[in-house]
Amino acid sequence: MQNPPEEFDEARLWDALRGFSVPPSSVSYAPVGFGDYHWQVIDEDGRPWFATVSDLEHKEYCGRGAAAALEGLRRAMETARTLRERDGLRFVVAPVPAADGRTVVALDARYALAVFPHVPGRPGRFGQRLSEAERDQVLELLADLHGRTPPETTPPTTLEPAGLSGVHEALGELDGVWSGGPFAEPARELLAEHAATLRARCAEFAELTDEVRRRGAPLVVTHGEPHPGNLILGEDGYRLVDWDTVGLAPPERDLSLISADPSELARYTELTGRTPDPAGLALYRLRWSLLDVAEFVEWFRGEHDRSEDTETAWKGFTETLGQLADGASGVAARPGE
């Protein structure tokens, strides 16, 4: 996010960092990503850290309240930690535990903190096109990840994106006035313009879901968002960051973000003996777009103000609906990332 939440007291972050044995000497906001809030931290010994504050109200697996979102986030971070410590997966950038052993600490009823070591290297860009050699390197990481025994903490995933019911509800309320903020009415008008397309793509998604379920794809531990924006290239290869969406799912959940073409995933087949399912790849690429629509609809139907982040969200909303209208599914990036 471009700006920290207005109501957030940064003093709570300073206090909480000490609980991670990271006594801060400086804390500076990092305007990166979209959804969570990030700070760069230098501790009293001069060591760099990366602090992520998650808004529990906006997590994908949040639907049963902030407490459930906090538990889901803790399970995800513990999974990443296990993959790194138990399985020795050096490419997993896992959080460091607090003094009480927890990887995620609640700052209040809405926000939670995780702390990560600073990772030197060249970060990727969202929407970046990987070369064949770079793509194969990432596929090697995913083949290794997918072959591991899932930690007991690995969260389950669903094929249907969280919030899709809200999209159907919004499509049924296009005749009324939306009054949550400056983008509410423009969002209603834009959704009405694309309503037929969106209903058709939702129907397509339902058909793909049925097809993938019938085929009974194996469930593996997946990262969830292994696109270039979550890659850091160091001297000894790639690192994968942002493990908050880790979960049990078909391999295509990860592979769809590398390519929609099974021939470009040949290195994965070579390493695992499994050819990616085209229906699964199509399903997860479409799922990405529908999840974006669901999040934007929820945002613009609710209370909101005009800000850099809502401006960015509006741009993402229009682009995603445009891609769906063109018959494409946008998986390159979420806005601001």
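The legends below describe close-up views of a predicted model. Local features need pLDDT of at least 70 and side-chain atom pairs count only at pLDDT 80 or more, whereas totals for chains, interfaces and linings use all residues. Residues are numbered from 1 along each chain as its sequence is written, and side-chain values use heavy atoms, with hydrogens and water left out.

**View 1. The aromatic pair of F8 and W39.** Searching the whole structure gives 11 aromatic pairs, where rings of Phe, Tyr and Trp (its six-membered ring) pair if their centres lie within 6.5 Å, and planes under 30 degrees apart count as stacked, over 60 as edge-to-face and the rest as tilted. The ring centres of F8 and W39 are 5.5 Å apart with planes at 40 degrees, so this pair is tilted. Because F8 lies in the segment before α1 (10–18) and W39 in strand β2 (residues 37–43), the pair ties together parts 31 residues apart in sequence; helices (H or I, at least four residues) and strands (E, at least two) are DSSP runs, numbered from the N terminus. F8 and W39 are both buried, meaning under 20% relative accessible area with a 1.4 Å probe, protein chains only.

**View 2. The aromatic cluster around F183 and F300.** Ring pairs join F183, F296, W299, F300, W314 and F317 into a cluster. F183, in the loop between α4 (164–171) and α5 (184–193), and F300, in helix α9 (residues 278–301), are 117 residues apart, and both are buried.

**View 3. Strands β8 and β9.** Strand β8 (residues 231–234) runs antiparallel to β9 and is joined to it by four bridges, pairing being assigned if DSSP finds at least two bridges between two strands. L231 has L240 in β9 as its bridge partner.

Technical notes:
Buried < 20%, exposed > 50% of the residue type's maximum accessible area, 1.4 Å probe, protein only.
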